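User: Could you walk me through a few of the labels used for this model? I'd like to see how each value leads to its name.

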Amino acid sequence: MISPILRTSAVILILTAYFYTALSVKVTVGVVYTAGNKEAYSETVRQFLQVVNASDDYDTGDVTLSIVEHEANCSSENAIYNVVNSFRQQDICNIIVINNDRKSDEGSAPCSFHNENDTSLLALFVSRPSTSGVLLNSGPGVMNLYPEPIDLSKMVIDTVQKYRWTSAFVLYDKYADSYRTLEQFLNWAADRDWLLRVKEIPLLSRSEVDRRELKSLLRQIMMSREVHVILMTNSDIINTVLERAVHMQMLNYQYQWVITSLNGPLGTVPLEDYEFSGARMTFFHPNFELGDDTRLFERFVIDAVLTVVNTAADMVEDTGGDDQCLLHAYATKVEFEGYSGTVAFDKEGIRDSLQMDLLENKGRELEKVGTWSSLSGTNLTSTFNTSFLTNPVLGGKKLKIISKERHPYVQVKKNADAFELEGEERYEGYLMDLIRKMALHLNFTYSLEIWEDAHVGEKQPDGSWDGMIGELFNYRVDVVLDAVSTRSFRLEAVDFTEPIEMAGYYLIMKRPSKAIPGIFQFLAPFSTAVWMVIGGACLLVAILSTVISYLDPYEWHQLAKRGEVKPEEGGNWDFLNSMWSAWGAFVGGGAEYLPCSYAGRVLSSTWWFVILVVIASYTANLAAFLTQTRLEETVSSLEELASSKFNYGALARNTIVQFLQTATDEPYKTVGNHLKKNKDEVLLGTRDELLDKAEWEKFVFIADAENAFIVKEERCNLITVGEKFFLSPLAMMLPRGSPYTKEFNRLILEFRENGFMDILHNRWFRARGKCDSRFSTTDQSVLGLESFAGLFYFMLMGIALTMLVMAAEKVWFMRQDKEKKKSNLELADRGDAKDGELDALRA
């Protein structure tokens, strides 16, 4: 039975809950999603509503909110009217309409709404304006969370004016929100006599840019020498435009970009890619302190829910009533700090007191540098300083660079022709990656010219230099983008950077193939001596078994002799049968006859145990010996080459040839003497001749690292062997006394310290080539047919012997049978057989 105290407590709790429920105002909100928006935003609305009802942080007082959701198909007429009327029939006065329509005016009219007679309706629209910039929803109680185009245009105008621009290139796409502000923006710019050149970003679809046309468009900006760019587009397009601008050297300290994207999180812009570019980029975002990873439209949706929450709280506080249809009278008075900035409305229900944060790139981060509001304009506190991004020596400079195609340093991209790439975009490689990274860090741009059949250069009798060194010597170029050996005689004409790689030489020869396994490789697990001992043991056991059979009174022969077994069983353990039993045990066939005596059993048991160990040892090593392969003759060092039977040579102009021919230490002396003695045959003028010689003859090519790359990618029948030798540093070249050398050296050392040089080395020198994939190592556990060739030969020999033995047995049997018949006929002729038997014998 419940005690009186517990009964009293329960009554108090029930009454408290009743009065709390009675005092709590329940507000039902009708949420309308236009086609495709329910899936995108319904979860956001529900989760945020749960948070508001459960939290005290939103000052809801005694207000509890719930929602009823409905979808409207904007392809039909009066879509919003029909849904609103449906809600009003359910006594739902407060409605939120979410219409994230990113199309132009097409299909927008059915989603427009004008309230004329319903004085108790509160309709909060989160809807983009039309292409013309006109908000399509109006009337008493109708409020728009999305900013007006006139405000967004004023935001850009005020900011650009604060930067003191008087001209700019405006890039837009017709699907972006900012495009809907373009007309108003251009009108205001015309009033200020600004020179604006407006270009549409070429698109293949809503989110895909025509890269070829975009490149042409950016080239127009470069040719016009305009350094101010206003980019009005969506976040998907922003990344593509900036990526192309990097390749066009349009992201440096000379350029300033104002970027407006109101439908994508700024966190998707890869600022780390432009960390050292020096370009100044300005973005707009509301309440940046809340983060940059939320889409702006989603913030407007959240603020629409908060508008209902704050309006209901104000109504309850003012009237204490529970009439949720009074909210429209308080909606224009509400003001709070929302997720999209300050939320307030004028008497017409238009978003008022709009405020945006101004952000600028600082390295790989965005930093708030000011604010803009529709009331006070732009308040810019920017202290943007490019000094930490711009190198004082190279910043803003445009260097003239020459290079030549050389694997893997500078090479044409595989898809260059397919994508119709031009200029330096056609090329990739170790040095291309390096110079692009250096340009970003030191903030310079460059023009690149690729020379065909270029050579480093030699000093002429008149003191001048030819080749690429000659261009530097006469100060016609700024940098030679090539990995050149740092020879002392070149220092009188050029300066070298810090080493970027170590040059060296490899031995290149025909790829050795596997030697054919021996016919009797299946016998390899045991030596010849072991096999002979095993055969001798088998013979010895057979002999001993025969002796035991004839001497032991309890064995087959003696038992048959005493008549205890059949006479024919007496020969079960003779020499041939003993030999057969011993061999059968060895090959796992089992014994046909078993010994009867204890002595025979002891001998057999001993033999079986020996066989067990032998078979176990054989099978344990058999797979290893069957998969073991031998390669044809090869060399792995100059020492082995000097003492081998291989012929060898090198490119006649290579530095190593002079070194080898003048060397006094071994093995260099021997190799050098061979080169001098056979110079007409082995010192050739082109690498293709030497590579062909190595591929088709027993010839070793002493080649530099560039040839090793060709072997990896193109000459799959060749292989590099041994370690790299005759090492020397490789570096880029600049004119003698160039002011840029010190900056290049400092940056190369920095790249070496932070591991970037190792990344380049691994990317271009250790990457697997086509030939590596073609000759990849197969599973060594798989045995090929060649491993069993000898075993099959053995089986064929056994079959042949079997046939010979069978033929011999057949001949022997026929001979014995003939003699037997002859003997029987002789007996019959003497009268010992009856007439019927005589006829049978003759037959």
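Analyst: Gladly! Let's start with Y475, which has a relative accessible area of 56% and is therefore exposed; the term means over 50%, with buried under 20% and partly exposed in between (1.4 Å probe, protein chains only). This is a predicted model, where local features need pLDDT of at least 70, side-chain atom pairs count only at pLDDT 80 or more, and totals for chains, interfaces and linings use all residues. Residues are numbered from 1 along each chain as its sequence is written, and side-chain values use heavy atoms, leaving out hydrogens and water.

User: What makes the phi of Y475 worth noting?

Analyst: Phi of Y475 is positive, about 55°, although Y475 is not a glycine. Most residues other than glycine have a negative phi.

User: Why is F726 called partly exposed?

Analyst: The relative accessibility of F726 is 25%, so F726 counts as partly exposed. F726 also has a positive phi, near 50°.

User: Why are α2 and α8 called oblique to each other?

Analyst: Helix α2 (residues 38-54) and helix α8 (residues 296-319) pack at an angle of about 40°. Angles under 35 degrees count as roughly parallel, over 145 as roughly antiparallel, 65 to 115 as roughly perpendicular and the rest as oblique. α2 and α8 are therefore oblique.

User: How do you know that L551 is exposed?

Analyst: L551 has a relative accessible area of 63%, so L551 counts as exposed. L551 sits in helix α12.

Terms used: Helices (H or I, at least four residues) and strands (E, at least two) are DSSP runs, numbered from the N terminus. Axes are lines fitted to C-alpha atoms, for helices over the stretch in contact, and angles run from 0 to 180 degrees between N-to-C directions.
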